[in-house]
Amino acid sequence: MPRWLPRAMLLALALYACFQLGSWAFHQLVGLLVNILIAFFLALAIEPAVGRMAARGMRRGLATFLVFLGVAVVGIGFVVLLGSMLAGQIVEMVEDFPQYLDSLINWINQTFHTELSRVEVQDSLLRSDWLRKYVQNSATGVLDVSATVLGGLFRLLTIFLFSFYFAADGPRLRRALCSVLPPARQAEVLRAWEIAVDKTGGYLYSRGLMALISGVSHYVLLEILGVPYAPALAVWVGLVSQFIPTIGTYLAGALPMLIAFTVNPWYALWVLAFVVVYQQFENYVLQPKLTARTVDIHPAVAFGSVVAGTALLGAVGALIAIPAVATLQAFLGAYVKRYDVTDDPRVHGHRRYGEAVVARLQRALNSRSQASADDRTDRAPAVADDA
């Protein structure tokens, strides 16, 4: 056995053990890393407001605290308003449930010529095995729901804590990062940081503008239908559909449909149809235009980045994909060498298929005439020699 073989085997085993340990640690910390990534983009989003307040003489820590306090007050007030509204509507639905049941039973009896009664339906429902199993499963799932809610609150607290430190200690963080890099790299890092702040702010601006347009559109519909709490529902639809990726549209449309159902069941269908139609208009018309202007990326690139972000990180990836891709595109654009485009009609798409066919025919005729001219030139010396 060569002397180096035992050492090589030990080195390979050590490297494999380190790889397994690193893989295990990464899978254990992937949740924390995702939270830090969200916190970093949130700190970039509030950086302009904190920077303006700090430029006027306010300490960055106090400025960051005031910004977060404003966001928390608005969010808590909105949740409390919607919670009270939803609780009132649920109580009203429970009180009016016998009337809905009577109207449904009358329609069934008239349509299918049956003789159902509300008492029989209620007794069959209360004595059914399905209801008993559902109640048992709901009782056992209360602990799971409570654990999920507590885990979500802890995750939200972690994100806000990291984002507070990132925003409050932004200059210190940049100095610490630049202190380990040469001067040329320091300039690149600072430029990338500034681009990330601009692109993240532009993305939030576009989302806020789409939330405003969506809220106004749904408010007009709800007012026409006479649905109560139309302003609060419009704000709900605008915010949830834009700032909760993937499932935000369905969550946003479910609450107005529920409230509209308490007024008239047909109104819920009108709200559903409007939500579906508006979503298509937003996906294919509104969102590509606003995203291309504020974030300065192509609509196809924006759509592809959202799909890729969803595949990699789920809802979090869909939320941060567009500003991340916009930042990367703007940063790498300085290192791509560009040339002047030739003045060719094909570049602008002005050349039609018929023109291309005519050009080919002209080239063929020119080449044939050139060939005949060359043939005549070659025959002239031969005729002179014969003479």
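**A tour starting from the largest pocket**

Begin by selecting helix 1 (4-55), helix 2 (60-112), helix 5 (142-168), helix 7 (183-225), helix 8 and helix 12 (315-332): each supplies at least two residues of the lining of the largest pocket. Helices (H or I, at least four residues) and strands (E, at least two) are DSSP runs, numbered from the N terminus.

The model is a predicted one, in which local features need pLDDT of at least 70 and side-chain atom pairs count only at pLDDT 80 or more, while totals for chains, interfaces and linings use all residues. Residues are numbered from 1 along each chain as its sequence is written, and side-chain values use heavy atoms, with hydrogens and water left out.

**The pocket**

Next, show the space itself, about 2,200 Å³ in the largest pocket. A pocket, on a 1 Å grid over the protein atoms alone, is an open set of points where a 1.4 Å probe fits, with protein on both sides within 12 Å along at least five of seven lines; lining residues have an atom within 4 Å of a point. The volume is the space filled by probe spheres set on the points, which are joined across faces, edges and corners.

Now select Val71, Leu156, Phe160, Phe243 and Ile244, the closest to the pocket's centre of the 46 residues that line it. Helix 2 gives the most to this lining, with 15 residues. Colour the lining by type: 40 residues are nonpolar (Ala, Val, Leu, Ile, Met, Phe, Trp, Tyr, Cys and Pro), five are polar (the others, Gly among them) and one is charged (Asp, Glu, Lys or Arg).

Move to helix 8, residues 230-243, which reaches 20 Å from its first C-alpha to its last.

Then select helix 9, residues 248-263, with 16 residues. Among its buried residues are Leu255, Pro256 and Ile259.

**Val216**

Go back to helix 7 and pick Val216. Val216 counts as partly exposed because its relative accessibility is 46%. Pro231 is 15 residues away in sequence and 8.8 Å away in space, C-alpha to C-alpha.

**The whole chain**

Zoom out: the protein chain has 14 helices and zero strands. Colour by pLDDT, the predictor's confidence in each residue, from 0 to 100. The chain averages 77; helix 1 is highest at 88, and helix 14 (residues 353-386) is lowest, at a mean of 62. Where pLDDT is low, the predicted coordinates should not be read in detail.

Conventions:
The expected span of a helix is 1.5 Å times one less than its number of residues. Buried means under 20% relative accessible area, exposed over 50%, partly exposed in between (1.4 Å probe, protein chains only).
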